[in-house]
Amino acid sequence: MLVVVLSSKYAKGTNKAGKAYEGFFVDFAFPEEGRNGYKNRDSFIDVKALEGVVPAPGMVLDLQTNFGSTFVNKATPIIDKDGAHLAAFLAPFQQELSKYGK
């Protein structure tokens, strides 16, 4: 699933069960299937799944999740050379802003 990163925050520590974690809490958006719009979700992505990539706002990631789960197995950055994916993502927002002269 292709997503656009809206924000991310690094986190490292130990959970309540005593298990160590390290990764990023990532807020992202993606096209909602069957609708003309986008859905927003946040997820913790382990550093192992990111393979050294630091998620940054505007970055396009291809997320691979477990079937029927929100657990992210792998997050691969997509090189959006001509900006087409990001432009398509931003188009509805730009159209809405243009209504208000922005």
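Two strands are said to pair if DSSP finds at least two bridges between them. The model discussed here is predicted. With that criterion, strand 1 and strand 2 (residues 20-31) pair in the antiparallel sense over ten bridges. In this pairing, Gly13 stands opposite Tyr21 in strand 2, and Val5 has Phe28 of strand 2 as its bridge partner.

**Overall fold**

The chain contains two helices and five strands. Read from the N terminus on, the elements follow the order β-β-β-α-β-β-α. Of the 102 residues of the chain, 21% count as buried. Among contacts between residues at least 6 apart in sequence, 41% join residues at least 24 apart.

Five strands form an open sheet, ordered 3-2-1-4-5, with antiparallel pairing. Its edge strands are strand 3 (38-46) and strand 5 (72-77), each of which pairs on one side only. Ignoring direction, neighbouring strands of this sheet are turned by 30 degrees against each other on average.

The hairpin of strand 1 and strand 2 has five residues between the strands, and in this hairpin Gly18 takes a positive phi near 90 degrees. Strand 2 also pairs with strand 3, in the antiparallel sense and over nine bridges.

**Individual residues**

| Residue | Relative accessible area | Class |
|---|---|---|
| Ala11 | 12% | buried |
| Leu6 | 33% | partly exposed |
| Met59 | 22% | partly exposed |

Ala11 belongs to strand 1 (residues 2-14). Why does Ala11 count as buried? Its relative accessible area is 12%, and buried means under 20%. Leaving out residues up to four places away in sequence, Ala11 touches Tyr21, Glu22, Gly23 and Phe25. One of these contacts, Gly23, is twelve residues from Ala11 in sequence and 5.6 Å from it in space, C-alpha to C-alpha.

Leu6 is also placed in strand 1. Leu6 counts as partly exposed because its relative accessibility is 33%, between the limits of 20% and 50%. With residues up to four places away in sequence not counted, Leu6 touches Asp27, Phe28, Ala29, Asn40, Pro57 and Phe89. The C-alpha atoms of Leu6 and Val26 are separated by 7.6 Å, and the two residues are 20 residues apart along the chain.

Met59 lies in the loop between helix 1 and strand 4. Its relative accessible area of 22% makes Met59 partly exposed. Not counting residues up to four places away in sequence, Met59 touches Val3, Val4, Val5, Val53, Val54 and Pro77. Met59 and Ser7 are 52 residues apart along the chain, with their C-alpha atoms separated by 9.5 Å.

Glu51 is found in the loop between helix 1 (47-50) and strand 4 (60-65). Is Glu51 buried or exposed? At 55% relative accessibility, Glu51 counts as exposed, since the class begins over 50%. The phi angle of Glu51 is near 50 degrees, a positive value in a residue other than glycine.

**The largest pocket**

What is the volume of the largest pocket? The value is about 240 Å³. The lining consists of Asn15, Lys19, Ala20, Tyr21, Glu22, Phe44, Asp46, Val47, Lys48, Ala49, Phe71 and Val72. Strand 2, strand 3 and helix 1 are the elements that give two or more residues to this lining. By residue class, the lining divides into seven nonpolar, one polar and four charged.

Some lining residues also occur in the pairings and contacts described above. Tyr21 and Glu22 are among the residues that line the pocket, and both are touched by Ala11. Tyr21 is also the residue that Gly13 stands opposite in strand 2.

Methods. Residues numbered from 1 in each chain as written. Predicted model: local features only at pLDDT ≥ 70, side-chain atom pairs only at ≥ 80, totals over all residues. Heavy atoms only, no water. Helix = DSSP H or I, 4+ residues; strand = E, 2+ residues; numbered from the N terminus. Buried < 20%, exposed > 50% of the residue type's maximum accessible area, 1.4 Å probe, protein only. Contact = heavy atoms within 4.5 Å. Axes fitted to C-alpha atoms, helices over the stretch in contact; angles between N-to-C directions. 1 Å grid on protein atoms, 1.4 Å probe; cavity = no way out; pocket = protein on both sides within 12 Å on 5 of 7 lines; lining within 4 Å. Points joined across faces, edges and corners; volume = space filled by probe spheres on them. Nonpolar A, V, L, I, M, F, W, Y, C, P; charged D, E, K, R; others polar.
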